[in-house]
Amino acid sequence: MSIFSRQLYNNIPPKRKAVQLTLIERSEPVPRSKGGCPQDPVWTHFIQTPLAIAGHFAAECLYCGKKWPRGRPQDLQVHLAKDCLNVDDEIRRVFVRNILRLCDDDDDIIDDETLSKPRQDSMDQSLIKMFVCCGIPFSVVEHPFFIEMFKKAYPSYTLPSRDKLPGIMLSHLAVKIEDKIDTIFKNTTNLTLGLDGWTNPAGHSIYNFIIMTYDHREFLYQLRDLSIVKHTAQLIAEEIEKVLKDIGPNKLQFFKMDFNCK
């Protein structure tokens, strides 16, 4: 067992170690299944339960216990990269880098009649940015006129489905953006933390934390729905303290608040 695998094994709760030792050992190397295709290495971080369909498994995260009725490697990778709260940072970075490689834009790719996979991935990234930033409903991607436009403009490009666009593609873009913001925060000082609260049309009390840099860039750091708790000064102070610990109190210089609490 390698040093990496030993560290991973030591982080597993004791009651799961006996079950998961074989899964960890499989990470070097991952054997081929009977169908001939090797399993994705991400499975070494999940408990596999075989399903009725051959080659498919239910999944349970070794670190936080989240379960999937049917585990898909791309969803499991996103979970380890951005959603799991208990995974080791070294492991998280491995999967963040894997996803970032998929998200890399390559503007120097030569346009030709056969669309290469890097070019397809690059166009996918541009497409998801357009839908999100312009507020376009994801269902538009399957509208006949939208499909017709792309077929005339670029016949070799395959549009994603309305499920893939807001699903795995949006998740990959979120990982890329969060990684970029984290890098900016790590390399920047004199930050300002802003806090604003309001009630949305559904009656939910929403609080947003905004980080502002010295060069006037603003980043929405966190949105919290605090409808079910009493909005006291102590509660707000606790929420602010959590953000300070995440960002680093030495990096923050100013604080701005735009609401009333008792």
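Trainee: Where does H216 lie?

Mentor: In this predicted model, H216 lies in the loop between β5 (205-212) and β6 (218-225).

Trainee: And what is phi of H216 near?

Mentor: Phi of H216 is near 70 degrees, which is a positive value in a residue other than glycine.

Trainee: Is H216 buried or exposed?

Mentor: H216 is exposed, since its relative accessible area is 72%.

Trainee: Where is N190 found, and what is its phi near?

Mentor: N190 is found in the loop between α7 and β4, and phi of N190 is near 55 degrees, again a positive value in a residue other than glycine. With a relative accessible area of 41%, N190 counts as partly exposed.

Trainee: Moving on to helices, at what angle do α3 and α4 pack?

Mentor: Helix α3 (residues 73-83) and helix α4 (residues 89-103) pack at an angle of about 120 degrees, and their axes are 8 Å apart. That angle makes α3 oblique to α4, and the crossing of the two helices is left-handed.

Trainee: Why do you give me both an angle and a distance?

Mentor: Because two packed helices are described by the angle between their axes together with the distance between those axes.

Trainee: OK, then how do α4 and α7 pack?

Mentor: For α4 and helix α7 (residues 165-186), the packing angle is about 110 degrees, with the axes 9 Å apart. The two helices are therefore roughly perpendicular to each other, and the crossing of α4 and α7 is left-handed.

Trainee: Switching to charges, how many salt bridges does a search of the whole structure find?

Mentor: A search of the whole structure finds six salt bridges. As background, side chains of opposite charge can pair when their charged atoms come close.

Trainee: Which residue does D121 meet in a salt bridge?

Mentor: The side chain of D121 meets that of K117, at 3.0 Å from N to O. D121 and K117 are four residues apart in helix α5 (residues 117-133), so about one helical turn separates them.

Trainee: Are those two buried or exposed?

Mentor: D121 counts as buried, at 19% relative accessibility, whereas K117 counts as exposed, at 56%.

Trainee: What about E241, which residue does its side chain meet?

Mentor: The side chains of E241 and K245 meet in a salt bridge, with 3.8 Å from N to O. E241 and K245 are four residues apart in helix α8 (residues 233-247), and are thus separated by about one helical turn. E241 is partly exposed, with a relative accessible area of 42%, while K245 counts as exposed at 62%.

Trainee: And what does K82 form a salt bridge with?

Mentor: K82 forms a salt bridge with D83, and the closest N and O atoms of that pair are 3.1 Å apart. K82 counts as partly exposed at 27% relative accessibility, and D83 is also partly exposed, at 38%.

Trainee: Last topic, which residues make the nonpolar surface patch of about 310 Å²?

Mentor: That patch is made by W198, L220 and L223. W198 has its place in strand β4 (residues 191-199) and is partly exposed, with a relative accessible area of 38%.

Technical notes: Residues numbered from 1 in each chain as written. Predicted model: local features only at pLDDT ≥ 70, side-chain atom pairs only at ≥ 80, totals over all residues. Heavy atoms only, no water. Patch = residues over 30% accessible without salt bridge, like charges linked within 9 Å, V, L, I, M, F, W, Y side chains within 5 Å. Areas by Shrake-Rupley, 256 points an atom, 1.4 Å probe, with all protein chains shown as cover. Salt bridge = Lys/Arg side-chain N within 4 Å of Asp/Glu carboxyl O. Buried < 20%, exposed > 50% of the residue type's maximum accessible area, 1.4 Å probe, protein only. Axes fitted to C-alpha atoms, helices over the stretch in contact; angles between N-to-C directions. Parallel < 35°, antiparallel > 145°, perpendicular 65-115°, else oblique. Left-handed = near helix turned anticlockwise from the far one by under 90°.
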